[in-house]
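Open the model in a viewer and keep the selection panel at hand. The stops below go from single side-chain pairs to a whole chain and then to the interface.

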Amino acid sequence: MAVQAYLDAVTTEVISHTLTAYTDEMALALERAAYSPMIRDVRDYCAAIVDLEGRTLGYNTGGLPTHYSDIGEHILDGIEIYGEDGFEPGDAVMMNHAYTCGQHANNVEIYTPIFFDRQLVAFAATRAHWQDIGGITANRPTYATSDAIQEGLQVRSVKVFRAGKPIDDVLRLIRYNLRQPDVSLGDLRAQIAACRVGERRFCELLEKYSLDTVHAATETVWDQSEALARAAVEEIPDGVYEAESFLDDDGYHPDRIVPIHVRVEVSGPKMTIDLSGMADQVTGPINSRTHVPALIAFKALTTPDRAPDVGCFRPVTVVVPEGKLINAVPPAAMGSWSWPFPTIIDTFFRALADVMPGQVAAGNCGMPYGAGFFYGQHPTTGRQFVSLSLLPVGWGGRPSENGVTSGGMILGYVRDCPVEVTETFYPLLVDRLMVRPDSGGAGRFRGGLGIECVFHCEAQMFNNAEIGRTKCAPWGLFGGKPGAVSENVLQHPDGSQEVIRSGSINRLLPSGTRLTVRTGGGGGYGNPSLREPERVLEDVLAGYVSREAAEAEYCVALTPDGSDIDWDHTSRLRRDDG
Amino acid sequence: MLVGTDVGGTFTDVAVAVGDEIVFAKAPTTPRNMADGIADALERLGMDLDATETVFHGTTAIINAILERKGAKTALVTTEGFRDVYELGRGSRWDPYDMLFPKPEPLVKRMQRYEIRERTRADGQVQVPFDRHQAQAVAREIAASGTEAVAVCFLHAYAAPEHEARMLDVLAKEAPDVARTASHELVREYREYERTSTTVLNAYVMPGTVGYLGALEQRLRSVGCGGRVLLMQSNGGCMDVERGKRVPLALLESGPSSGAIAAAELARRMDLPRVVAFDMGGTTAKATLIEDFAIRTERPYYVGGERLGLPSLLPVVDLAEIGAGGGSVAFLDPAGALKVGPRSAGAVPGPACYGAGGSEATVTDADLLLGRIDAASFFGGEMRLNVDLAERAVGRTAEPLGLSPLQAAEGIVRIVDNAMALAVRQVSIERGRDPRDLTLIAFGGAGPVHALAVARQLGMPRVIVPPMAANFSAFGMLVSDIRHDFSQTYVAPLDAVDEDELERAFSLLEELARGALSEAGVLSETQIERVVEIRYLGQEHTLAVPAESLNGHARELLARRYHDKHEAVYGFRVPYEPMQTVNLRITATGHLPKPTLKARSGSLAGAGERVRPVIFEESDGPRHVPVHRREALSAGATVIGPALIEEATSTTTLHPGDRCEVDTIGNLVIEVG
C-alpha cells in the first residue's frame, strides 16, 4: 500500500508536469510558425493531448479558456465519422463545423492521431483562430451575418493529410475558398507541425510510463482538482442566487436588447448554473452552442490558480435549454460567438457577490474591441491590409484595491498592438493614446479606467465597429457607481462629428477621417464616500478623476488652487451625504 | 593578476587568478556599502593585490533596487499624447481565470510623466517639429520637482533619434543635476511600451549605480587593488565603468551571465561545440544552451518575472530558470499532491538539517537522508548537518501519504530531478536540439549532486563537473570578454533590400560598437558579428540570419540562409513566400587575456578509503559506495559509479554504471551509464 501510494504521488507529479511541458512545446511550435496575428500576437489558440474519450490529458499553459472545455468533444465527432480504426499514423483532421463545435468557423481545430505500438492511444490537437476562413467578410463582426453558412467554409471532421501526405484535392478546395490562402494555409501547416511535436512527445512519455500509468496519474490529478473545487463550493453558503443584465443589441437589430439571466444554486459541494432565463437565440451572429462562459466563471471562483483539467469542472452542472442564445440550433449565426461571454461571466459574479464579497470584483467593461478594426488596400504596397487593435478596457474595483486600468479581455491573455507597429504597417497615424479620465466607476475602490485612442486614416479604408456595453454600464458593487460606457466617434474630413453605433460595418472611410475610440471603465467597489480623501486628491492630481467628479461622486472638495483637500467643505459634503 | 568580485544577496565572492592558480574566498555581503564586503573577502585571501591588471565586478544590487523599489525618483518625457503608454502596457494579463489579477506597478506615476510637442513618423520623417521652447519649460519643471533621473522616449525614435537627442541637450542645460537617458541610446527597435519601460528602468537605477560604482572604485583602490574595472553584463560579456554608469540596466543579470561565460570558455578549451550549462544553487536552477562557444541572448526580459514584471529590451543570456534548488521546500498542496518549490528555506533558517530552526523538508534534507551528501563534510566540514532533523522534517511532510521518510526523500529528489530535466529540455529539445548530442556542464552547489540523474533522464551521454564547481560562476568573470550588442529596426521587403543601404545601416551600428569598445580600452583583437532578423511576410516571429560575406548577393544569400534556418527550426520552408527584414543586430566582442588552468597533481592514495551507505532506488535499499576526496584524484584517475566525489562545497553523485575520468585540468568527465 505504502509503496503504491509512494509511486503514485511522485509519478503523478512527474507525469502531470511533463504533459504540461509537452503541450507548451506544441504551443511554442504553433505560435512561432503561425501567420495570423490572432495566433501569434493575440494568442487565440490552444494545444492539447486528448484521450480517446475526448478528455484533455494535457493542456498548454495560458491557453485561452474559450478553447479549453470542449476541444476533445469535437474529436469524438471525427471518431464517429472515421471509426476508431479509421486513422493511420500521419493523418491530420480539420474541424470547424459551427453546429458541432458551437463556435465561429474561424476557430479551426487540427488534430492528429497518436499511435504507440501500432495502437491508437490519443490525439494531439490544436485549435487556432484563423484570420480568414472565407465567407461574407474577412472577420466576423456583429451585424455581418445571419446564418453560419455566410460565415465561411464549414469543414466537419475532414482529413487534410493521410499517412503523412497532404490530400491535395481537399487542400485545393480549401485554398480557393479563402481570401488570404497563404496566411490561412500557413496556419494550417503550423498547427500540423505542433501536433507532430505532441505525437512524438506523448510517445516518449509512453516509452517511460505505460498508458495505464499515464491515465492513472491524470485521473489522480483530476481527483485532486475536483476535491479543491468541491471544497471551494462548500465554502459558499447553500442557496439560490440570481442576477440579471442585458446585451445592448442582438447583432442585427440595433435597438433590441438581449436579456441575460443567471441562476446559481449551491448545495453542499455542488453547484448548478442555470441559464434558462437568458434570451432565445437571436438573428445576429452572437449565438453559440457551448457551456464555456459558465465553466470559465465557475473556475474563476473555485480553482483560479490551478491549471484547467477535467476535475476542476466536475462539481458544476450547467443547464441551458436547446434554442437559447448559447445553445443555439441551425440556422443560427455564430460569427461573434463569444461576444456575450464577458457579460454572462460578469453576471454570474454579480449573482454571487453578496455571499463571496472578498472574491468578486465589480463589473467589467466587456469586450475590448470598439471600432479599431480597419482594412483595405495599402496605398504604397498595393497589398490588402487588415489592422485589428484590441483596445484595453477598465476592470471593476476589487475588494481591497482599485480596478485595473487597461486590462485585457475577460476571456484570457490577449495583447494590444503597439502604435509603432500599427503605423509601420498600416496607413494609420495614431494622434493619441491615453487613459480616459472619469471613466472608472466611483467607489471606495475605484473602477479601472478605459482608454481613449484616436486613429487618423491616411488613406481610404473600410471600418468595422463592434461596440458593446454602451447601454448596460459596467455595474458597481456594494454602493460603488457604474463605470463609463464605451463611445466611438467619427470625425469626417470636413470636421463634422458622428457617434457610431453597433451595426456600423464595412463602412468606407475617406482619407483624412479620424476615429476616436473610448473604451469603458470598470464599476466601483464600495461606497465612494468611504474612499480616503487623500486618495481622491491623488486621483485628481494625476488626472484620473476630475475635480467636479471628486466633489459630486466622492464628496471631496478641493482648495481653490486644486492642490489640497478642503477639509471643512469635505466633511460637510460627506455629512450631508449621510 | 585578475580579480573577480561578485556581490550576491547573502554572500560576496571573490576569485583571483595569478598565473595558472585560481583561488576563491567568500564574505558576508554588506548591504550598506557593498564594497566593504568585497574588501573583507579580498582580505581573507591575504594576497598582495598590487599587481592587479583587471577587476571584474558582478552584482545583484541593480536588480534588487528594482525589485525592492529602491531606485531614484524618476520622471518620464514622452511624445505629446502618449505619456500613458507606460501605464497602459500591452493591455494583457497572464492568468486567464484570475479575475482579481494585479498589474505591474509602474515606476513613474502619471504626475511625473511629461509630454513634449513633437512627432516623428514610422519612416523617420518629422510630422511635428520638436518644440524647444516647451521642452525647456518641461525641463525646468523637472529640475524644480526634486526629480533625480529622467527617461526620454519618443515615438519612432528608433528610426530617427534627433528629437530625443535634442531633448537630452535641453535637459543637460536646464536640469544638469538630473541623471538622464533616452531610448535611442539603449535600443533602436519598435514597440513603444517595451522601449519606454527599458528607458525608465535604466533611468531608475542610474543615480544609485553611479554612486555605487564610485564607491566601489574608491574602496578597491583603498585595499590596494589597482587596475581597470570591468562590469559583468547580462549579455554574456563585460563593459567599462563609464558605460556602466550610462547603461546600468545592462548589469541586471550578471550572475547567470558569468555562469554562461564560464561554461562557454570551458567548452572552448575542451572543444565541445554543443553543451548545456546547468547551474543549480539554493533557490533556483538555470539551464543555458551554448553552441559553438557562443552565448545566446533573448529579449524582452521581464524584470520580476513574466507575469508581473517590467519589460527590458536589453539582451539577457537566454536561459530557462526554475524555482527549485537545494533549499526548495517540499510540501503537500491542499489537494494532497507532493510538490517541491518554488518557495525556498533560504540561507536562514535554511534546510531543517542545518539545525538553525528550519522545520520544513527541503531538497538538501532529502539528499542527506539518501546519503548523497555527507553530514560531516558539508561545506568543507565547517557546518555539521543534523540527519535526525532532516528525517523528522521529511517524515512529517510525507506522513499523510503513508510514506516512510526514505521513500519520501527519494520522491522529493525524483520530483526535483524531473523539474531540472524539464528546464534542460526547454533549452535543448524545445529548441530542436537532440540531448543525445549535448554535454551537460554541471555547477553550483547542488548541480553536481543532481546532474547525473538529469542527464540520464534526457539521454545525455556526458556530464562535466568543473573544478571548484560551486564557484564556477566566479571563474566566468575571469575569462569574460567585453561585449556590446546594438540593434536597429529595419523593416523592408527582402527582395527589395538595397545592399549598399544595408551596409550603411550596419556601418552605423558598428561605429557605435567600435566607440563602445575603444572606451573600454580595447582596440586590437575585436570581432563583430552581423545578423539580420527576417520573417516570412505576415509572420510575427523572426529568425536571426548571419549577414556576413554578402559580397553583392545580399538578397539571394539572406533568403537562402533564412529558408534553411526556418526549415531547421520549424521543419518546413515556403520557397514562394515573400520575406521581410525586421531588425539588424550586431554583437561586438573585444577579447581579453585569459588565465590558464593548472594541470592537476594528486594521487589516488587516500581516495576511496571511506565507504558510505547511499540510496539510489529506495526499493533496493542502501548500497555501500566509496567516497572519494576530489582533491586526491589526479589526472587520469578513473572512478566507477556508484560512488561519491566530495569537495569542500559540493558533491558529485555517480549512479551505478556512470564512469568518471579526471582530465588534465581537474574536470570530472563522466560518461553516463
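A residue counts as buried under 20% relative accessible area, as exposed over 50%, and as partly exposed in between. By that scale R179(A), at 39%, is partly exposed. The model is a predicted one.

**First stop: R179(A) and D132(A).** Show both side chains; they form a salt bridge with N and O 3.1 Å apart. R179(A) sits in the loop between helix 6 (168–175) and helix 7 of chain A, while D132(A) sits in the loop between strand 5 (119–129) and strand 6 (158–162), 47 residues away.

**Next: D223(A) and R314(A).** The closest N and O atoms of this salt bridge are 3.0 Å apart. D223(A) belongs to helix 8 of chain A and R314(A) to the loop between helix 9 and strand 11 (316–319), so the pair ties together parts 91 residues apart in sequence. Both ends are partly exposed: D223(A) has a relative accessible area of 41%, and R314(A) one of 32%.

**Over to chain B: R90(B) and E194(B).** Here a salt bridge has an N to O distance of 2.9 Å. R90(B) is in the loop between helix 3 (85–88) and strand 6 (113–116) of chain B and E194(B) is in helix 7 (192–222), so parts 104 residues apart in sequence are tied together. R90(B) and E194(B) are both buried.

Back in chain A, select D51(A), E53(A), R55(A), E219(A), D223(A), E226(A) and R314(A): salt bridges with shared partners join them into one network.

**Chain A as a whole.** Colour by secondary structure to see 14 helices and 20 strands. The radius of gyration is 25 Å, close to the 25 Å that the globule rule gives for 578 residues, so chain A is as compact as a globular protein of that length. Of these residues, 64% count as buried.

**Last stop: the interface.** Select the contact between the chains, which takes 85 residues from chain A and 74 residues from chain B. About 7,000 Å² is buried there, 57% of it from carbon and sulfur atoms. Across this interface there are 6 salt bridges; E13(A) and K339(B) meet in a salt bridge at 3.2 Å, N to O. Several elements of chain A give two or more residues to the side touching chain B, among them helix 1 (2–33), helix 7 (181–208) and helix 8 (211–235). Helix 1 supplies the largest share, 19 residues. By class, that side of chain A has 48 nonpolar, 14 polar and 23 charged residues.

Notes: Residues are numbered from 1 along each chain as its sequence is written. Chains are lettered from A and ligands numbered from 1 in the order in which they are written. This is a predicted model: local features need pLDDT of at least 70, side-chain atom pairs count only at pLDDT 80 or more; totals for chains, interfaces and linings use all residues. Side-chain values use heavy atoms; hydrogens and water are left out. Contact means heavy atoms within 4.5 Å. Buried area is the accessible area (1.4 Å probe) that two parts lose on being put together, summed over both. A salt bridge is a side-chain nitrogen of Lys or Arg within 4 Å of a carboxyl oxygen of Asp or Glu. Helices (H or I, at least four residues) and strands (E, at least two) are DSSP runs, numbered from the N terminus. Ala, Val, Leu, Ile, Met, Phe, Trp, Tyr, Cys and Pro count as nonpolar, Asp, Glu, Lys and Arg as charged, and the others, Gly among them, as polar. The radius of gyration is taken over C-alpha atoms; the globule rule is 2.2 Å times the number of residues to the power 0.38. Buried means under 20% relative accessible area, exposed over 50%, partly exposed in between (1.4 Å probe, protein chains only).
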